[in-house]
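Here is a short report on a model with more than one part to look at. Please have the sequence and the structure in view as you read.

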Amino acid sequence: MSRETEELHRRLLRARDTIDRAYARPLDVRAIAAVAHLSPAHFSRCFRAVFGETPHRYLQRRRVERSMFLLRETGRSVTEVCFDVGFASLGTFSRTFRAIVGETPSGYRRGNGPVVVPGCVQMAQFRISRCPAAGPSLATVPASAAKENAK
Amino acid sequence: MITKLNVTSIFVLDKDEALDFYVGKLGLEKGNDVRQGDYRWLTVRVPGAAGAEISLEQPGAPLHDEATAEQLRELLTKGALNGLVFTTDDAQKLFETLKERGVTDFTQEPTKHFYGIDLGLRDPFGNAIRIVQPVG
């Protein structure tokens, strides 16, 4: 029984890694489920049981996290950033961004500057918490402090 | 004072399979491989470097009861345990070499950052491995 669980976890992790790697492509749950060799419905149930959220939600958080990076670190327009991270429409991007971050993409850009920790640390620390009440993370470092670090 | 990090350890599901991956695919070399009764002290390390040895440990007796070992295996395979960070002199070339050796579980292809170029992959069990080619 345990061995089956381990193999399932490893396949689900491989699928989650695919989301992290290929977020910018037009991924859908069917394509991601295929990585884990599961039907879409069964995959979504298993993913949620193991990682605590649906694969769709995980993909949204990954895309929003990447968009936050591009808004902070580049001069690309909000529309360009939206398509860069895999959203198909500006409306969906703005709505999802606001729902997850709590402010608009351009509002976020105004309030935050570049940061200097390595990409893997950013990927972990800047992922939007599932729980809005979670304590402070790197993402809450004021723009002024981040700019100070960058010097 | 402490002078060196000597041994660090990661959990694996199977020591032989781990050895095949870390030596045969990733290109590390075998360090210690010593048996003491049922226990096998198995380490790998970066070739030629006087750096830390990486001990490959299977969850289970005598350190863990079976329920604990099962929890560790489940955490390992869902990627919730810690990983390793290496440096390389050529991230792109290493990426090509790893692909030729049959590595498929890349979490990130070589990507340029201000601190260098890095890539990410997973070992067969779910441990995260990051390899950085520093700037300069």
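This is a predicted model: local features need pLDDT of at least 70, side-chain atom pairs count only at pLDDT 80 or more; totals for chains, interfaces and linings use all residues.

Residues are numbered from 1 along each chain as its sequence is written, chains are lettered from A and ligands numbered from 1 in the order in which they are written, and side-chain values use heavy atoms, with hydrogens and water left out.

**The interface**

The size of an interface is often given as the accessible area lost when the parts come together. Here, buried area is the accessible area (1.4 Å probe) that two parts lose on being put together, summed over both. Contact means heavy atoms within 4.5 Å.

| Chain A with chain B | Value |
|---|---|
| Residues of chain A in contact | 18 residues |
| Residues of chain B in contact | 20 residues |
| Buried area | about 1,600 Å² |
| Share from carbon and sulfur atoms | 51% |
| Salt bridges | four salt bridges |
| Polar contacts (both at pLDDT 80 or more) | 10 residue pairs |

A salt bridge is a side-chain nitrogen of Lys or Arg within 4 Å of a carboxyl oxygen of Asp or Glu. A:R14 pairs in this way with B:D105, and their closest N and O atoms are 2.8 Å apart. A polar contact is a pair of N or O atoms within 3.5 Å; within protein, one must be able to donate a hydrogen and the other to accept it, and residues adjacent in sequence count only if both atoms are side-chain atoms.

Which helices of chain A each supply at least two residues to the side that touches chain B? They are α1 (2-22), α3 (40-51) and α8 (119-125). Helices (H or I, at least four residues) and strands (E, at least two) are DSSP runs, numbered from the N terminus. The largest share, 11 residues, comes from α1(A).

**The core**

The largest nonpolar core has 31 residues. Such a core is a set of buried Ala, Val, Leu, Ile, Met, Phe, Trp, Tyr and Cys residues joined through side-chain atoms within 4.5 Å. Buried means under 20% relative accessible area (1.4 Å probe, protein chains only). A:L12, A:F43, A:F47, A:V64 and A:F97 touch the most other members. Helix α4(A) gives the largest share, six residues.

**One serine**

B:S55 lies in strand β4 (residues 53-57) of chain B. B:S55 is buried, at 1% relative accessible area. Its side chain makes a polar contact with the side chain of B:E57 (2.7 Å). Beyond neighbours within four places in sequence, B:S55 is in contact with residues including B:V7, B:I10 and B:W41.

Technical notes
Buried means under 20% relative accessible area, exposed over 50%, partly exposed in between (1.4 Å probe, protein chains only).
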